[in-house]
Structures are given as C-alpha cells and as structure tokens.
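Here is a short tour for anyone meeting this model for the first time. Have a look at it, then read on.

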Amino acid sequence: ITNSGRFIMAIMAGVIDTTWYVLVAAVLAGTPIVDKLRVNAVIIDRSIGMVLLMLAILLIVRTLGLDIS
C-alpha cells in the first residue's frame, strides 16, 4: 500500500467513526438510556479503566518478553 493509500484509508476511518459517533449521540440524546449511563458513570469509567490497565500490563509484559505462565 502506498502512502497516499494509507492516508485515504485513515481519512475514511475517521469519517466513518465520526459519522457513527454523531449518529449514536443523536439517537440517544434525550432518552432514559443517557440518564442510566450518567447514574452509572463511575462504574462504567472504572470498568473501562481496568480493561485498559490490563491491556497495558499485557503489552508491557509482551514487550519485555516476560513469562507470566
């Protein structure tokens, strides 16, 4: 793949992601789902944080070549 091909793919991915996020936000705006998400924001944030922390630790272990089994 050429550099211009990579650039076009990156732009397309950005446009698709932006369109998806705007669509989801527009559909969920003003619904009870948003209120439930706000009430549970701390739990959601901590859960996502734990998943990201585990992924980071896994990447560090793999990068350093450590054996955790």
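## Starting with Arg38

Arg38 is exposed, with a relative accessible area of 62%. You'll find Arg38 in helix 2. Keep in mind as you look around that this is a predicted model.

Going from Arg38 to Gly65 takes you 27 residues along the sequence, and the two C-alpha atoms sit 40 Å apart in space.

## The salt bridge

How many salt bridges does the structure hold? The count is one. The partners are Asp35 and Arg38, and their closest N and O atoms are 3.9 Å apart.

On the accessibility side, Asp35 comes in at 46% and counts as partly exposed, while Arg38, at 62%, counts as exposed. The labels follow from the cut-offs, because exposed means over 50% relative accessible area and buried means under 20%.

## A nonpolar patch

Now for the surface. Ile33, Leu37, Ile44, Ile48, Met50, Val51, Leu52, Leu53, Met54, Leu55, Ile57 and Leu58 make a nonpolar patch of about 1100 Å². Helix 2 and helix 3 (41–64) are the elements that give two or more residues to this patch. Helix 3 gives the most, with ten residues.

Take Met54, one of the patch residues. Met54 lies in helix 3, and its relative accessibility of 52% puts Met54 in the exposed class.

## The chain as a whole

Stepping back, the chain has three helices and zero strands. Read from the N terminus on, the order of elements is α-α-α.

What about overall shape? The chain has a radius of gyration of 19 Å, whereas a compact globule of 69 residues would have one near 11 Å. Along the principal axes, the C-alpha atoms fill a box of roughly 50 × 40 × 15 Å.

Of the 69 residues, 3% count as buried. The chain exposes about 6300 Å², and carbon and sulfur atoms supply 74% of that area. As for charge, there are 5 positive and 4 negative side chains, and the centres of the two sets lie 2 Å apart.

Technical notes. Residues numbered from 1 in each chain as written. Predicted model: local features only at pLDDT ≥ 70, side-chain atom pairs only at ≥ 80, totals over all residues. Heavy atoms only, no water. Salt bridge = Lys/Arg side-chain N within 4 Å of Asp/Glu carboxyl O. Buried < 20%, exposed > 50% of the residue type's maximum accessible area, 1.4 Å probe, protein only. Patch = residues over 30% accessible without salt bridge, like charges linked within 9 Å, V, L, I, M, F, W, Y side chains within 5 Å. Areas by Shrake-Rupley, 256 points an atom, 1.4 Å probe, with all protein chains shown as cover. Helix = DSSP H or I, 4+ residues; strand = E, 2+ residues; numbered from the N terminus. Rg over C-alpha atoms; globule rule 2.2 N^0.38 Å. Lys, Arg positive; Asp, Glu negative; His and termini not counted. Charge placed at Lys NZ, Arg CZ, Asp CG, Glu CD.
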